[in-house]
Structures are given as C-alpha cells and as structure tokens.
Amino acid sequence: MTAIALAAPKRIILRSPGYWKSTFQRLARDKVAMTALGVIAALFLCAIFAPLIAPADPNAASMIRRLRPIGTPNYPLGSDELGRDMLSRLIYGARLSLIIGVTPVPIAFVIGSAIGILAGYAGGLFNTIIMRTVDVFYAFPSVLLAVALSGALGSGLTNTLVSLTVVFIPQIARIAESVTTQVRQLDYVEAARASGAPAYRIILEQVLGNVLAPIFVFATSLISVSMILASGLSFLGLGVRPPDAEWGLMLNTLRTAIYANPLVAILPGVMIFITSISFNLLSDGLRSAMDVKS
Amino acid sequence: MYAYAFKRLLHIIPVAIGVSIFCFLLIHIAPGDPLAAILPSDATAEFQAQMRTLYGFDKPLIVQYGLWAMRALQGDLGLSIATGRSVSGEIASAAVNSIILAVAATFIGFTLGALLGFMAGFLRGTWVDRLASSLSILGVCVPHYWLGMVLVVIFSVTLGWLPATGGGPGGSAGRAFDWAYFRYLLLPAITMSVIPMGIIARTVRSLVSDVMAQDFVQTLSAKGQMAPRIIRHVIRNAAPTALSVMGLQLGYLLGGSILIETVFSWPGTGFLLNGAIFTRDLPLLQGTILVLAMFFVSLNLIVDLLQGIIDPRIQRS
C-alpha cells in the first residue's frame, strides 16, 4: 500500500452554494447594481422616516415666501408656488411616489404570473382565450391604456393603482405564458404527468420553480416604467390629488413657475429620474446575476 | 404573400373587436350613470329620457355595443360635451398635428439612434459602444415630460431661442413649412425622439453585432473586402428589423403623446385627450382612445406586412 493518506472524504465533497445564494453573491459583486440598490434603500428610508428627516411641514404654505430660490436660509432647496419647503416636500413626496410607482408591479406580478402560467400549462382553448385578451391590451401603448383607465375611473390613489396594475398584468401574463409553454414540453414535466401527478402539483413543483426567475426579472424591469407612468398620471392630474406631496403632481403644479424659478420647478423630475434609473440598473444587474436571457 | 397577408388580417380582426369593446366599456366603468356623463348636468328629465332611448341606454349592454360599433364604423363617434362638435371632427383636426410631431420625432430618433447603434455594433467594446448603451438606458428611464420641461428651461427660459409652448405661430391653424413653424416643432420633437432613440440604438447595435458575427461577413473580410462593402451587407441584413421597430415606435409615440403634448400645449390628439379628461368629456375621451388604439393596431399590421415583403423568410415562420 501507498504511504500517501487520502484526505477526509467530507472535505472533497463540496456543497454547491445553491441558486439563490449564488445569485446574491453575483449581485453583490455588481458595483452598478449595488449602487442602485443603495439609492433605492435611501429613498425608501426617506419615505419611511420622512417626519424625522424633513426640516419643515410639507404642507405649511406661506404666501409671502413663494418660489424662493435654492439656498435660501430655512429653504435649502427653495420653496414652491405656495411657499412650501421644497426639500420637505421632496422627502415626503417619496412616500406617495414610491407607493403608486412600485405597488402595481408586485400585484400585477402575482396576478399576471397566475394567469400566464395557467394559460401556458393548460394550452388549448383556454390559452387561446387568455392570450387573445392579452393581445387586445397590447393594442394600446402603455401610456394610453393607463390614461384611458384613469381618465374613465377618475383621479385618486386607488384608481391610479388599479389602472397601472391593469396595464402591467397582460405584459407579465404574456412572458409567463411563453416561458411556461416552453417548460411544459420538457421531459421532467412529461415524466411527472406520466406518473400521474395532478396538475396543481406539477405546476407548483415542476413548473413554478423553473418559470419564476424570468418572470421575476421581467417584473423588476417594469418598476422603472411604472415609476415614470405613475408620476406621469399625477402630472396629468389623474393620479393623487393636491395638496398631497407627490413628485409628478409637484412637477405639474410647478410648471407655472418655470419662468419665475426654473431650477426649483424641475427638482421633482430629478427625483423621478433618479428613482427610475436606479430600479432599471438594479433590474439589469438582477438579470445578469440570475442569468436570464432577455 | 397573399396567404401571409390574409393570416395577419385574420389575426387583427379579433384584436380590433376587443379594442372596440374595451373602449365601449370605458363609459360604463366610469363612476355614475353613463347618460349623466354624456348630457350636460342641467338637462331636463324629459330630455334625459329622450336621450336614453336615442343612445339606447335602455337596451341590453350587448345591443348598445352593436349600435355604438355600427355608428363608430360609419365615423360617428358622438358629440363632444364640452364643445358640442362632432368627436370625429375634433380628432381629425388634432390628429394631423400629432402625426407631424410623431413623424418628426421618429425621424430624429431613428436617424440618431440607428447611427449610434450602428457605430456601437461595429465598434463593440469601445467608448462609442459604452456611450450608446448609457444613452439607451437614459432614454428609457428619463421621465420625458420632465425632459421637456428641462429643455424649455434651457432653450426658452434661459437662452430664449425657441418658443416654450404652442402649435405654431398662428396657433393650430398656421401650419406652414417654414422656420417660424419649425421653431415650435423643434423642442417637442426632440423631447419625444429620446424614447425611440435609445430603443433603436439598442436594437441596431445587437442586430449589427449579430450580423458581424456571421460566417459570410467573416468570409467577406477574409476575402479582403473593404469596410464599405461589408457595411452594405450588414445594413441589408439589419434593415428589416430596424424598420419594423421604427414603425412600432411611431405607433407608441402617437398613442403615448399625451404627456409631451401637454407639456408643450401641442394641439394634437394627446392634448385633446388631456382636455377631455379635465372636462370629463367622456365621448371625446372614448373616441380619441378608440382612434389612437385602432391606428396603433393598423400600424402593427402594416409593419408586419412590410416586413413580410422585405424579408420573405418571415412569411414562412
């Protein structure tokens, strides 16, 4: 026998880190995505702790201190057309802007995935009916569909959320249907069906785990669009109502002040831009970390 | 070709019917009595009953839809509450302005986007490539209504070069292809062009790099063909997809122009829609959305057919 001793077997068998863990490890190495995540986290913290951070009451108007420029004492970012402190309104604005911009996507993700996965798995007539309905919604550019629904339902927080959710459900359902149709034809699904597993078990155990990643990545990419659309609806007067602080609405009311104080008037748009681009970059990072092809 | 065209047409019909049902239902999902939305608030009870019968609101929903759809097919979309004029007439005069704006924006966006995307695909991994990808992310993420305001701040408020709002020197009536009119078109068109520019740049970049990776391009360069000839081949292969993306973008811009037209008070369909929302003019809202959606559907069909003509391989797939 040889004198060389073998290493303990348990040291040779390496455990694979697992799908989610390796995804997060890859994401954590992505500097751009991490920066975007940091910005988003900061925005959420601003929204949650707005009363603690904001230097002034966002609704305290002052007719004699209207449209102060950036850098005025007590008004670090100036004041708006009703003399309200811009910095405080931008901080408080994060609350409603993030609520109306972000919430529709997870709701649409759940409903759209359910519809799409069922349609993709069932196939046949059910699939045709669902996918033709989805086609109808695809006949509207997103902005037009959102405006049509909000315009008919009227302004307000709930109606905005409903309209945007309806805009995103067909988009998510279409992606979910196409990936499910691909997975459904794979051998292990056939095998499960042949061994007599009921449909709901196959969907939950074989299909769901394999389709969720691409649907999820697509849904995260919609948040950036949703932020712009939601604030756009408010900008048109279709979203939240005054005097609530919301970036799109602030942009709308400050439009009249564009000659008097242009730099203050464009500030809320900067916030929408930063939020939208952060969500977009994070979604891009997630896409490559999860290795989903677009 | 005819079989392909027929198939596409058959596919479009159910979508068009679905779109019309959606638009029809818009008045019914609106809170309150649909009649109340159509009539002025001070209408007498007798007049209300008369109108109820006339519009068919006393009939079952499906019959109402049939009547509405028949009228819509004949170009009768009802009367605007705010102005009392026919909705179709209002849309027709606004549509011209919207089309001018959307075509101008698509032209700017496509020219710059295709150029940028082409260079990025040809020079992959260089600074041009990085610039193109950054610009395409910015183009998608920027709230374009805000970008419009920023451009107004720069070019109208600060520099005073271009007018901030309006549809031309003589309002919506004065359309002439001269510099005076062009000045009004420039800012909204540039603002609008940012959206397709990024998307087209990204599409063209990936098309070009795909074609560049193909064997025949390798062969061409191995045979000592010069860059201009290779570029010609690359363009021929990338053009059909790029053009179809452009067509779709034109549709998106026309349908989604409401925000930019509102910022610049450009008297197009988006501006009309915005007015309809403010005055709760539901027939005008419904009619405008129907026309815009149908236009988008037809444009998709035309793009599909053109693509089938340019690239016969698509017909077989």
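Which residues is Leu144(A) in contact with, leaving aside its neighbours within four places in sequence? In this predicted model, the partners of Leu144(A) are Gly255(B), Gly256(B), Ile289(B), Leu292(B) and Ala293(B), where contact means that two C-beta atoms, placed from the backbone, lie within 7 Å. Residues are numbered from 1 along each chain as its sequence is written, while chains are lettered from A and ligands numbered from 1 in the order in which they are written. Since the model is predicted, local features need pLDDT of at least 70 and side-chain atom pairs count only at pLDDT 80 or more, whereas totals for chains, interfaces and linings use all residues.

We can begin with the overall build of chain B. Its secondary structure consists of 14 helices and zero strands; here helices (H or I, at least four residues) and strands (E, at least two) are DSSP runs, numbered from the N terminus. The C-alpha trace of chain B spans about 85 × 55 × 35 Å along its principal axes. Two domains are assigned to chain B, domain 1 (2–73) and domain 2 (93–280), with bounds that come from an automatic or database domain assignment. Taken over C-alpha atoms, the centres of domain 1 and domain 2 of chain B are separated by 35 Å. Of the 317 residues in chain B, 39% are buried. A residue is buried if 20 or more other C-beta atoms lie within 10 Å of its own, exposed if 12 or fewer, and partly exposed in between, with C-beta atoms placed from the backbone. Among contacts in chain B with a separation of 6 or more, 72% are between residues 24 or more positions apart.

The largest nonpolar core holds 158 residues. Such a core is a set of buried Ala, Val, Leu, Ile, Met, Phe, Trp, Tyr and Cys residues joined through C-beta atoms within 7 Å. The members that touch the most other members are Leu144(A), Ala146(A), Val147(A), Ile172(A), Ile200(B), Val204(B) and Ala293(B). Helix 11 (residues 199–235) of chain A gives the most to this core, namely 17 residues. From chain B, at least three residues come from each of domain 1 (2–73) and domain 2 (93–280).

Turning to the meeting of the chains, 36 residues of chain A are in contact with 38 residues of chain B. On the side of chain A that touches chain B, at least two residues each are supplied by helix 7 (124–138), helix 8 (142–153), helix 11, helix 13 (262–265) and helix 14 (267–289) of chain A. Helix 8 of chain A has the largest share, with seven residues. By class, this side of chain A has 23 nonpolar, 10 polar and three charged residues; Ala, Val, Leu, Ile, Met, Phe, Trp, Tyr, Cys and Pro count as nonpolar, Asp, Glu, Lys and Arg as charged, and the others, Gly among them, as polar.

Within chain A, a helix pair is worth a look. The axes of helix 11 and helix 14 of chain A come within 8 Å and cross at roughly 170 degrees, with axes being lines fitted to C-alpha atoms, for helices over the stretch in contact, and angles running from 0 to 180 degrees between N-to-C directions. Helix 11 of chain A is therefore roughly antiparallel to helix 14 of chain A, a description used for angles over 145 degrees. Residues of helix 11 that meet helix 14 of chain A include Val217(A), Thr220(A) and Met227(A), and those on the helix 14 side include Ile272(A), Phe279(A) and Arg287(A). This contact has seven nonpolar, eight polar and one charged residues.

Two backbone details follow. Most residues other than glycine have a negative phi, and most peptide bonds are trans. Pro242(A) and Pro243(A) are joined by a cis peptide bond, with omega of about 5 degrees, and Pro243(A) is placed in the loop between helix 11 and helix 12 (247–254) of chain A. In chain B, Ser265(B) is not a glycine but has a positive phi of about 50 degrees. Ser265(B) lies in the loop between helix 11 (258–264) and helix 12 (269–278) of chain B, and is partly exposed, with 14 other C-beta atoms within 10 Å.

Another loop residue is Ser86(B), located between helix 4 (61–73) and helix 5 (87–122) of chain B. Ser86(B) and Pro283(B) are 197 residues apart in sequence and 9.6 Å apart in space, C-alpha to C-alpha.

Terms used. Angles under 35 degrees count as roughly parallel, over 145 as roughly antiparallel, 65 to 115 as roughly perpendicular and the rest as oblique.
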